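Please look at the sequence and the structure shown here, and keep both in view while reading the report that follows.

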Protein chains: 2
Amino acid sequence: MNLELSNFLPYLLNQTAELVSRDFQPHYKDRYGMLRTEWRVLFHLGRQGEMTAKQICEQAAIHKTKISRAVRALEMKRYLERKTIEADRRSETLKLTKSGRAAFDDLSRAAVQYDQSLAKSMSETDLEALKAMLSKLISEKTRAGPAV
Amino acid sequence: MNLELSNFLPYLLNQTAELVSRDFQPHYKDRYGMLRTEWRVLFHLGRQGEMTAKQICEQAAIHKTKISRAVRALEMKRYLERKTIEADRRSETLKLTKSGRAAFDDLSRAAVQYDQSLAKSMSETDLEALKAMLSKLISEKTRAGPAV
DNA sequence: GGTTATCAGTTGCTTTTGTAACTAACAAAC
DNA sequence: GTTTGTTAGTTACAAAAGCAACTGATAACC
């Protein structure tokens, strides 16, 4: 096999991810002053309700220091609150505040819209296939060696 | 539509790209002390021969300061040489040295192998379809608004 | 030919990330 | 019940990325 850039999956994935992220970034950055990791944490909490930082780390495969900083940033913006878990005082539940919830709802709408705009450039079946393959790759890699 | 994380394309792309990059990183990082951008620049030059920094910026959609630093780093490692273009003395051609070429060849082999190992978890047709869709997204986004 | 605009690439400064070492809480062993 | 190990989360320091202002060269206009 002759390695073309356009044929090297890590390269393609990086390129696509970066371009697409750059595209969606204004929504959370300009309108809510959030960083990408903050948006991701908000997203997880919005979707799943209360979680600990650890749980987010595992699910999102993001390093714990990044999560720690994102949580503090969101806390200072009054988008989430922490509560120490009495059964194990090392960990704490994270929960969106009213305004955190509002931000999540708003950004969710933007996300759905953006997702649909991407869908325009390919067929519905292709899009589903694409997502399925990416999910598969993620679950394999995540099982193999999650972010510590 | 109810927005699941697993259904949001930017999220899936990011996640996949990050996991896959982390996986391949040891090859260029541990063995050649390269950063990801350096590896990408090496890759472009290896594939396409002489190029200017500008051309790499455009093709790779990487910001020019990142390229500038990667080029300097590769130059200091004696993997590439510059030559001012006399017709337009602002720009310079970049070209791999012998050892740069050797590093590229070696890393290419690793890349092909890695690419094939990814292919194991999906059918050949699926893999081709995946790459085609990613390429399409890239070309659309790149035409829309390239990195400055 | 001189003023103004543009372009390739670099540098300086700030923000963000990565890494490793840390604190505080728990658990196991004995 | 106290040593030893582990875990959740934080912090400090170093490396990398982003951004804006810069240099030196070319082009465009008058």
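## The packing of one helix

In this predicted model, the buried residues of α4(B) pack against several elements of chain B, namely α2 (36–48), α3, β2 (80–84), β3 (92–96) and α5 (98–119). The residues in question are B:Ile67, B:Ala70, B:Val71 and B:Leu74. Because they cover an arc of only 105° around the axis, they lie on the same side of α4(B). On the other side of α4(B), the residues B:Thr65, B:Ser68 and B:Met76 are exposed.

The helix α4(B) itself has 13 residues, and from its first C-alpha to its last it reaches 18 Å, which is close to the 18 Å expected at 1.5 Å a residue. Just after α4(B) comes B:Arg78, which takes a positive phi of about 60°.

## The surface near DNA strand C

There are 19 residues around DNA strand C, and those that come nearest are A:Arg89, B:Ala53, B:Lys54, B:Ser68 and B:Ser91. Two or more residues are given to this surface by each of α2 (36–48) and α4 (64–76) of chain A, and by each of α3 (53–60) and α4 (64–76) of chain B. Of these, α4(B) gives the most, with 4 residues. By type, the residues of the surface near DNA strand C comprise 9 charged, 7 polar and 3 nonpolar.

## How the two chains are related

Chain B is superposed on chain A by a rotation of 180° with 0.0 Å of shift along its axis, at an RMSD of 0.1 Å. The two copies are therefore related as by a two-fold rotation axis. Both copies use the same surface, since 100% of the contact residues of chain B recur in chain A.

Conventions: Residues numbered from 1 in each chain as written. Chains lettered and ligands numbered in written order. Predicted model: local features only at pLDDT ≥ 70, side-chain atom pairs only at ≥ 80, totals over all residues. Least-squares fit on C-alpha atoms with pLDDT ≥ 70 in both. Contact = placed C-beta atoms within 7 Å. Near = placed C-beta within 6 Å. Nonpolar A, V, L, I, M, F, W, Y, C, P; charged D, E, K, R; others polar. Expected span 1.5 Å × (residues − 1). Buried ≥ 20, exposed ≤ 12 C-beta atoms within 10 Å, placed from the backbone. Arc of directions from axis to C-beta.
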